[in-house]
Amino acid sequence: VFGSCRLSHCGAFLAHEWASRGTHALPVQLYAPLPFLLWAAARFGVGGLALCLLAVAVHSISETIDGHGPYVSQTPAENVIALQTSLAVLSVPLVFLAAVIAERRKKDVALQRSEERYRSVVEDQTELVCRYLPDTTLSFVNGAYARYFGRSPRELVGNSFLTLIPEEQRELAKGHLRALIENPGVGSQEHEVLTPSGDVHWQHWVDRPILNQEGRVVEFQGVGRDITDRKRAESRLRLQYTVTHI
């Protein structure tokens, strides 16, 4: 902050030095501190900007009292009004700018914390959680998802989840997504998956479309769980029923 104040002070000094050598280019010379004040507003916010504006004001008043600068060419009353006007023209827009930047930073920090909390909750889930694009490209997977398929999140993200499904069931998965795109809503499906050991397991998924402002599906979020034991139990019951009634 103090560095930016010194820079603003230098800018004010240059403005008054140039102005004391002639008055034909005053509008340009008076705003020499503006770049430094803009930087202070963006970097340090309202508080830092206030200190820099104070440095510029003190320097301007001091130079005027000593008979230097652009505010000594008229009557004392007119010089005071000119000085006040110049400082107001500089400070008011910059204060608004600093306030807007500070508010934007607060929102960015709040959004970042919200995303961190979301990821923390998702990572702690035992259920499989993923997000993917309408073309089936994975954009996020949680730890449980990565562990289930024996890969790291980096290896999975950016690739299609269809590669984890047996080829004969991929068209069924595509049809499920097409239906959700045409009629956005929460949908569920069960399908087989390929495990790292080469075995085929079953999963149950609940998929929720994510819409943009125009109402178009831009992404999906899915929550899944393994239902292999249930499917195998159902298969055994069907087999027993068939054998009993033959």
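In which helix is leucine 51 found? Leucine 51 belongs to helix H3, which covers residues 34-65, where helices (H or I, at least four residues) and strands (E, at least two) are DSSP runs numbered from the N terminus. The model is predicted, so that local features need pLDDT of at least 70 and side-chain atom pairs count only at pLDDT 80 or more, while totals for chains, interfaces and linings use all residues. Residues are numbered from 1 along each chain as its sequence is written, and side-chain values use heavy atoms, with hydrogens and water left out.

**View 1. A nonpolar surface patch includes leucine 51.** Leu51, Leu54 and Val58 make a nonpolar surface patch of about 260 Å²; patches consist of residues with over 30% relative accessible area and no salt bridge, with nonpolar side chains (Val, Leu, Ile, Met, Phe, Trp, Tyr) joined within 5 Å and like charges within 9 Å. Accessible areas come from the Shrake-Rupley method with a 1.4 Å probe, and for residues only the protein chains shown count as cover. Leucine 51 counts as partly exposed because its relative accessibility is 38%, given that buried means under 20% relative accessible area, exposed over 50%, and partly exposed in between.

**View 2. Five strands form an open sheet with antiparallel pairing.** The strand order is S2-S1-S5-S4-S3, and two strands pair if DSSP finds at least two bridges between them. Strand S2 (138-141) and strand S3 (187-194) stand at the edges, each with a single partner strand, so one side of each is left without a neighbour in the sheet. Nine bridges join strand S4 (residues 200-211) to strand S5 (residues 217-226), and histidine 204 has arginine 225 in S5 as its bridge partner.

**View 3. A network of salt bridges links Glu190, Arg230, Lys231 and Glu234.** A salt bridge is a side-chain nitrogen of Lys or Arg within 4 Å of a carboxyl oxygen of Asp or Glu, and the structure holds five of them. The side chains of arginine 230 and glutamate 190 meet at 2.8 Å, N to O, and this pair links distant parts of the chain, with arginine 230 in helix H8 and glutamate 190 in strand S3, 40 residues apart. Glutamate 190 also meets lysine 231 in a salt bridge of 3.1 Å, N to O. Within helix H8, glutamate 234 and arginine 230 lie four residues apart, about one turn of the helix, and their side chains form a salt bridge of 3.2 Å, N to O.

Definitions and conventions
Buried means under 20% relative accessible area, exposed over 50%, partly exposed in between (1.4 Å probe, protein chains only).
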